[in-house]
Amino acid sequence: MEHLWPTIDRLVRWLDTETETTPEVARLLRVLKISEEAGEVAEAIHGVSRSNPSKGTGHTWGDVEKELCDVILAGMVALRTITPDAEKVFAERLDHVAERSLTS
């Protein structure tokens, strides 16, 4: 996983060069992308469970896994977009949640 944040950095730089929006709008759109990807997870869950025929029935748990990865990646890209200290911010938050949740 040592290439994780450098790869996120490359993705953000690529998005920055390819976008036709202002940096402020790009920031907002990257945060909104998380919701879009979460919706795709929900659609895949409906497909796996066959609970909503309008959402399709051809999904697998592998599709859910891929969509969850897209949510995580969208979150990481959004976090890096709004702060150059994304890696530190994420690590501190992970430590905080783990300490709060796992110390009992």
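Over the chain, pLDDT averages 94, and 94% of the residues score at least 70. The model is predicted: local features need pLDDT of at least 70 and side-chain atom pairs count only at pLDDT 80 or more, whereas totals for chains, interfaces and linings use all residues. Residues are numbered from 1 along each chain as its sequence is written, and side-chain values use heavy atoms, with hydrogens and water left out.

The structure holds 1 aromatic pair. Its members are Trp 5 and Phe 90, whose ring centres lie 6.4 Å apart with 55 degrees between the planes, a tilted arrangement. Rings of Phe, Tyr and Trp (its six-membered ring) pair if their centres lie within 6.5 Å; planes under 30 degrees apart count as stacked, over 60 as edge-to-face and the rest as tilted. The pair links distant parts of the chain, since Trp 5 belongs to helix H1 (residues 4-18) and Phe 90 to helix H4 (residues 86-102), 85 residues apart. Trp 5 is buried, at 8% relative accessible area, while Phe 90 is partly exposed, at 41%. Buried means under 20% relative accessible area, exposed over 50%, and partly exposed in between (1.4 Å probe, protein chains only).

Leu 29, in helix H2 (residues 23-49), counts as partly exposed because its relative accessibility is 46%.

Key. Helices (H or I, at least four residues) and strands (E, at least two) are DSSP runs, numbered from the N terminus. pLDDT is the predictor's confidence in each residue, from 0 to 100.
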